[in-house]
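Student: I would like to learn how to read aromatic rings and their surroundings in a structure. Could you take me through an example?

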Amino acid sequence: MWYAIICEDVQDSLPKRLGARPAHLARLEQLKREGRLLLAGPHPAIDAEDPGAAGFTGTLVVAEFPGRAEAQSWADSDPYVEAGVFARVTVKPFRKTLP
C-alpha cells in the first residue's frame, strides 16, 4: 500500500538539511530503484522552486510499504530525523486517485 510520510521541519533547518541531504537522497533513490517511490520532495518556505536561504518547511514522501509499521520504521530512520531536521513526522495510508 502507498503511504504518505509528511514531515515538518524545525525552525532554521537548512544547515541540518544540507548536511544530511546526500544520505537522505540515497534512501529515496533506493525506493525509486525498487519501484516503490511515487513522489518525494521538500516544501519550500517561500513561493519559489529554489527558496535560497529561506530554506524549507518540510518534506513529503509517498512510497509503497507492506504496512504502516514498515513505513513508520523507514521514516523514523531517515537521516533527516537523525540530524534533527524534522520536528514532526506523520505517516498516513495514501490512495492514489489521479492521474
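Tutor: We will go through the aromatic pairs and then turn to an arginine beside one of the rings. Please keep in mind that this is a predicted model.

Student: How many aromatic pairs are there, and how is such a pair described?

Tutor: A pair of aromatic rings is described by the distance of the centres and the angle of the planes. In this structure the count comes to 2 aromatic pairs. One of them joins Phe65 and Trp74, whose ring centres lie 5.8 Å apart with the planes at 50 degrees, so this pair is tilted. The rings of Tyr80 and Phe86 form a pair with centres 5.6 Å apart and planes at 80 degrees, and therefore that pair is edge-to-face.

Student: Are the residues of these pairs buried or exposed?

Tutor: Phe65 has a relative accessible area of 3% and is buried, and Trp74, with a relative accessible area of 13%, is buried as well. Tyr80 and Phe86 are both buried too.

Student: Where is Arg27 found, and what does its charged end sit over?

Tutor: Arg27 belongs to helix 1, which covers residues 14-33, and its charged end sits over the ring of Trp74, 4.1 Å from the ring centre. Leaving aside residues up to four places away in sequence, Arg27 touches Trp74, Ser77, Asp78 and Pro79.

Student: Why does Arg27 count as buried?

Tutor: Buried means under 20% relative accessible area, and Arg27 counts as buried because its relative accessible area is 18%.

Note on methods
Residues are numbered from 1 along each chain as its sequence is written. This is a predicted model: local features need pLDDT of at least 70, side-chain atom pairs count only at pLDDT 80 or more; totals for chains, interfaces and linings use all residues. Side-chain values use heavy atoms; hydrogens and water are left out. Helices (H or I, at least four residues) and strands (E, at least two) are DSSP runs, numbered from the N terminus. Buried means under 20% relative accessible area, exposed over 50%, partly exposed in between (1.4 Å probe, protein chains only). Contact means heavy atoms within 4.5 Å. Rings of Phe, Tyr and Trp (its six-membered ring) pair if their centres lie within 6.5 Å; planes under 30 degrees apart count as stacked, over 60 as edge-to-face and the rest as tilted. A charge sits over a ring if NZ of Lys or CZ of Arg is within 6 Å of the ring centre and within 35 degrees of the ring normal.
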